[in-house]
Amino acid sequence: MSALIEAKGLSKSYGNHKALDNVNFTVKRGRVVGLVGPNGAGKTTILNAILGLTSFDGDLTILGLKPDQNRHQIMQKVSFISDVAILPKWLVVENAIEYVNQVHPNFNKEKALRFLSKTKIPMKAKVKALSKGMVAQLHLALVMAIDAELLVLDEPTLGLDILYRKNFYNQLLSDFFNEERSILVTTHQIEEIENLLTDLIFVKDGKIILNDSMQSVSENYAEVMVGKERVEAAKALNPIIERDVFGRKVFLFEGVDREVLEALGEIHSPSVADIFVAKMEEV
Amino acid sequence: MNALTILLKREYWEHKGAIFYTPAIMAAVFAGLMLIGSFSADEFVVTHNNEYTFSDHLPKLVDKFEELSGREQKQGVQLALYGTLVFFCGVMLLISLFYCLGCLYDERKDRSILFWKSMPVSDTKTVLSKFATVCFLIPISYFVVITAFQIYMMIFLTVLAWIGGSWGTMIWASSNLFGVMFNGLMALIMGMLWLSPFWAWLIFASSWAKKVAFMWAALPIIMLTIAEGWIFKTNYFIEMIAMRGANTFAIMNSNLHFTTHKEIFDIEVMRWYEVFGNSEFWIGLIVAGVFLAGAIYTRSVRNET
C-alpha cells in the first residue's frame, strides 16, 4: 500500500539555524505515529511542512502531492488540529458547520451534528462563549466528520483537563481511526497516548534519532532492575541510561539479547517517556 | 461560484457589525431624528416666530410643491433620495479601510489562520473573497440599508403631504424609485471599484504587517511622498492618491451632481457608466491585480504576526 507521507532529505533553515537537517521518514496507512521531541527540536516545522504552511528543501509528498504547492488540494484529504485555541472567537457554532460543509467536499454534516448533539455546545453560541474543553470538542466534531486519510494533531489537548484528554483520544480511536487512515500526533503528554501509537519518531536538533514501530521498540528496549552484585556485569553491556531505585540500579538497554538480560535481574518494558529521556541524554 | 458565496458569507459573519449594523443604526438614528423633528417642529417655530406654526405652514409647503412643474417635482424628490447616499458613503469608505487593513492581519494575530488553512480553500480564493467583499458585498449591504431608508423617507414625506392636505401621489410619481435604486447601487459599486488599487494595497499590507497594519500601509506612501518632494520638488504621487479618493466620492454621488444640474463638486464628475470608458479605471484594476498577487503569495508563506 502506498505511503501517505514520504519525506526524503527534508531540510529547513532559518538563517544559520538548521530547524530540520536531512530528515527522512514515511507514514503508511493505518498507523498512529507519535512525533516526539523537546521544544525547538523541529516537530512543528515538520508538521508545518506537511500541511503546506511553510517552505522547505528536499522531497516531501503527501498522498502524492507536494504540500508547498498544493495545500488546498491536500487539505481535502488531510485534517489538522493544532492547539485548540485557533477556532476564531467570533465564529458561531452553526456557522462553523455551514462553512466547513460548503467548502469541504468530504465533510459529513449529519455526522458532525451527531457528535455535537452528545455535547452541551449550543448551536447559536460564539466560540468565545465556549469553554476551552467545548472548543476542543467542537473542533474534534468538525474534524471527525471529515472523511480524511491523514489526521495531523499538534498538541491537540494542550490546556485541557484529564477528562477531556481521555475522551478526546478515545473518540478519535473509536470514531475516526481505521486501517485506511493514519494519525500523526505530537504531544508532551506522551504517557497518555503511548498505548495508542503504532509507530514512534523521536526528533532532536532537527534530526530524527529514532524511527521505529512500537513493536520493535518494545523488543529492542528493555529495563532491568539489577542487584548490587551484578552492577558491573550490567555496565559492561553498555546501558544507555542508569538510575537508582530503592538502593538498586535500573538500567535501560538498547538491542541487547533478552536471555543475557534475564540473567542480570528483573526485566520491565520501559515507557516511551523513559526511552525518550534516555535517547535525549545520549550523544 | 458556490465557493465564493460561502467565503463572502464568512466575511459577513465576521464583519456584520461594520457591514450591516453600522449603516442600519445610522439609518435608524436619522429616521428617529426626522420623526422627532417633525413632532417638535411646532415648538421651534413658535419660539422663534410667533406668526404661524409648522402645522400651519405645512399645507402651504405642500401647495407650493404641487404648483411646481413636473420636472422640478422630480428633481426635488430625487435630490432628497440621492442625498442620503452622501451620509452613508463616507462611513462606508471608512469601515472599508479598516476592513481591508484587518482582513489578512487579524487571522494571523489570533492564529485562526491555522484553522482556515486546514480547509481546502486556496490562498487565491481567500484573498479574492476579501477583495470581492470590499468591492461588492459592502456596497450592496449599504445599498440595502440606503434603500430601506429611502422608502422610509418616501413614506414620511407622504404622511407629511397627507397632513398638509394632499394625497402625496406626486411624491411617488416623481420619485422614479427603481431608477434611483439602480443608479445608487451602481454608483456605490463603481466608486468602490475605482478605488480598487487602494483597497488591494491595504489588503497586501494586511497580509504582511507584523504589527499595526495601518502603519505598514501608510509608511510607504508617506516615504514615497517625502522622497518625491525631496528629489523632484513635486507631489504628484500624493495628489494622485487624493484625486482617486475624491473621484470615488464624486462617482458615488454623481447622481446627486447630475440631478441638481449644478457644479457641486470642484472636479470633473463621471456617471457610474462613464467609469468604464476611463483608462485610469482599467490601469487601477491592473495595479490592484499586482497588489492582490502580492497578498496571495504573502498569505501562502506567512502564518504568524
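How far apart do the C-alpha centres of domain 1 of chain A and domain 2 of chain A lie? They lie 35 Å apart.

Before selecting anything, note that this is a predicted model, in which local features need pLDDT of at least 70 and side-chain atom pairs count only at pLDDT 80 or more, while totals for chains, interfaces and linings use all residues. Residues are numbered from 1 along each chain as its sequence is written, and chains are lettered from A and ligands numbered from 1 in the order in which they are written.

**Stop 1: the two domains of chain A**

Select residues 3-205 for domain 1 and 216-281 for domain 2 of chain A; these bounds come from an automatic or database domain assignment. Their contact (C-beta atoms, placed from the backbone, within 7 Å) takes 8 residues from domain 1 and 7 residues from domain 2. On the domain 1 side, helix 7 (190-193) and strand 8 (199-204) of chain A each give two or more residues. Helices (H or I, at least four residues) and strands (E, at least two) are DSSP runs, numbered from the N terminus. Strand 8 of chain A gives the largest share, 3 residues.

**Stop 2: a strand in chain A**

Now pick Val250(A), which sits in strand 12 (residues 248-254) of chain A. Val250(A) counts as buried because it has 21 C-beta neighbours inside 10 Å; the cut-off for buried is 20 or more other C-beta atoms within 10 Å, with C-beta atoms placed from the backbone. Leaving out residues up to four places away in sequence, Val250(A) touches Glu223(A), Met225(A), Glu242(A), Arg243(A) and Val245(A).

**Stop 3: across to chain B**

Show both chains: 19 residues of chain B are in contact with 23 residues of chain A. On the chain B side, helix 1 (2-48) and helix 5 (113-117) of chain B each give two or more residues. Helix 1 of chain B supplies the largest share, 6 residues.

**Stop 4: helix 11 of chain B**

Finish by selecting residues 236-252 of chain B, which form helix 11. The buried residues here are Asn247(B), Thr248(B), Ala250(B), Ile251(B) and Met252(B). Those buried residues pack against helix 3 (70-103), helix 8 (177-194) and helix 12 (254-260) of chain B.

Conventions: A residue is buried if 20 or more other C-beta atoms lie within 10 Å of its own, exposed if 12 or fewer, and partly exposed in between; C-beta atoms are placed from the backbone. Two residues are in contact if their C-beta atoms, placed from the backbone, lie within 7 Å. The expected span of a helix is 1.5 Å times one less than its number of residues.
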